[in-house]
Amino acid sequence: MSSAKAAPTPALKPNDLEAHFMPYTPQRNFKKKPRMITGAKGMFYYADDGRELLDASAGLWCVNAGHNHPKIVEAIRHQAGVLDYAPNFAFAHPLAFQTASRLCAEMPGDIDHVFFSNSGSEAVDTAIKMAMAFWRMKGKPAKTKIISRERAYHGVNICGTTLGGIPANRKVFAGAMMPNVDWLPHTHDLARNAFSKGQPEHGANFANELESIIALHDAENVACVIVEPVAGSTGVLVPPKGYLEKLRAICDKHDILLIFDEVITGWGRLGKASASEVFNVLPDILTSAKGINSGTVPMGATFCRKHVYDAFMQGGEFGVEFLHGYTYSGHPLACAAALATQDVYKEEGLFENSVKMAKVWETALHSLKGQPHVIDIRNIGLMGAIELDPGTTRKPGAEPGRAWEAFDKMYWEQDTVMRFTGNVLAMSPPLIVEEKHIDLLVTRLKTVLNSIA
Ligand SMILES: Cc1ncc(COP(=O)(O)O)c(C=O)c1O
């Protein structure tokens, strides 16, 4: 299938594919038949062969305002000509403050400060360092243990890799993993919750395991618990009803910081600026990136509540309160893009559209129940996943799995860009999505599910 529309940008062909050591890609396979994207507009990408491709995953869960939004593009262009760079160590530029105020105003409760970085991975590192330093400031330096969760994804730095609950991502780096980490069980319960719409009914009790883990290590040694409110990268694992509330209550009981990693779930993905607001559970620290500026300029952010920030503001005024920061923390281009993105979210009612389309999304995705290989369908907000029976005859690494095959066919035969992880097809369209795009996606998925063995 090909609509063969002309790409809005010249279809640049690379002269050599060799030098690029690609991230998270089976690159020998990729370089034989590259999926090359050369342009984008709104809901669509353009391939180097001229095809118009539906973007069913907002890039990597990040292009929430749709591609090449003119207002965001213009803000970046303008800023590049005004102030390309200024340090934020002991100097600053006004946009960093404007952006911080603007973003904090969108956060729930007393989340009222934000520390900037350049990616979700860095936002997570920052959150963990913030939690460690917080307990020192509070005179409890023994509180250093971190509790993460199986099937978590917190990025690729040493910290995030350690916290991650994906064995394959960790084992190669075993020697570099941080000590002092333990893991909650994940909440995916196919037997009881398959084909749940929104939050599953069963599984709040998975949070009780936190009591046992705390008892094992002693609360006096535990700094924080970190979870994604909805685990995204390991296949859209929606929190069971009551689960996040329980985590919050147990953290409160034992004086432990709760960190929500909202790198995916922020900025309208679930219809509000944060999943914290949607689930009505307030963490102490909240990480963000991606949709913060619609994926246009690298930016990460670690938000914290007033009591966390206040704990740092002690000692002499010439002492640096938080010994941490990146050369590009609060980069002017990232800030300009973030401010314009926030304008677009408001002016175009994109969070409202996310809420409206979430209902259409749910019905459309669940209409695929009963199609070949489908063993579960999950959704919340504009996140969705289809889990496939992996089959038993394929050799891991040597042969493509079913989800890989579906992903590949979606690109080459159905002009659609989406994600897969393990046996799961994962989707998260830009928030500008309309019913016609969802219909198109589901029709294409149906064709592909029926064409794979
Ligand atoms: C929950 C979560 N945390 C952290 C990250 C890492 O973000 P980045 O790839 O920008 O470093 C991701 C990326 O998908 C994520 O989903």
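## Ground rules

Numbering starts from 1 along each chain, following its sequence as written. Because this is a predicted model, local features need pLDDT of at least 70 and side-chain atom pairs count only at pLDDT 80 or more, while totals for chains, interfaces and linings use all residues.

## Two domains

The protein chain splits into domain 1 (27–65 + 349–449) and domain 2 (73–347), with bounds from an automatic or database domain assignment. Their centres, taken over C-alpha atoms, sit 26 Å apart.

Across the boundary, 32 residues of domain 1 are in contact with 28 residues of domain 2; contact here means C-beta atoms, placed from the backbone, within 7 Å. On the domain 1 side, the elements giving two or more residues are helix H2 (58–61), H14, strand E11 (374–380), strand E12 (383–388) and strand E15 (424–427). Helices (H or I, at least four residues) and strands (E, at least two) are DSSP runs, numbered from the N terminus. H14 supplies the largest share of that side, seven residues. By class, the side of domain 1 touching domain 2 has 17 nonpolar, 10 polar and five charged residues. For the classes, Ala, Val, Leu, Ile, Met, Phe, Trp, Tyr, Cys and Pro are nonpolar, Asp, Glu, Lys and Arg are charged, and the others, Gly among them, are polar.

## Around the ligand

The ligand has 14 residues around it, and Ser-119, Gly-120, Ser-121, Gly-155 and Val-263 come nearest. To be near, a residue needs its C-beta atom, placed from the backbone, within 6 Å of the molecule or strand.

Helix H5 (residues 120–137) gives the most to this shell, with three residues. The shell's make-up is five nonpolar, seven polar and two charged residues.

## H16 and its partners

Helix H14 (residues 350–366) packs on helix H16 (residues 435–449) at about 15°, with axes 10 Å apart. Axes are lines fitted to C-alpha atoms, for helices over the stretch in contact, and angles run from 0 to 180 degrees between N-to-C directions. So H14 is roughly parallel to H16; under 35 degrees counts as roughly parallel, over 145 as roughly antiparallel, 65 to 115 as roughly perpendicular and the rest as oblique. Val-360, Trp-361, Ala-364 and Leu-365 of H14 meet Glu-435, Ile-438, Asp-439 and Val-442 of H16. That contact has six nonpolar, no polar and two charged residues.

H16 also meets helix H15 (residues 402–412), with axes coming within 10 Å and crossing at roughly 125°. That angle makes H15 oblique to H16, and the crossing is right-handed. Ala-406, Lys-409 and Met-410 of H15 make the contact with Arg-444, Val-448 and Leu-449 of H16. The classes here come to four nonpolar, no polar and two charged.

## H3 against H13

Helix H3 (residues 70–82) and helix H13 (residues 332–347) have axes that come within 8 Å and cross at roughly 150°, which means H3 is roughly antiparallel to H13. H3 passes H13 in a right-handed crossing.

Contacting residues include Ile-72, Ala-75 and Ile-76 of H3, and Leu-333, Ala-336 and Ala-340 of H13.

Technical notes: Two residues are in contact if their C-beta atoms, placed from the backbone, lie within 7 Å. A crossing is left-handed if the near helix is turned anticlockwise from the far one by less than a right angle, and right-handed if clockwise.
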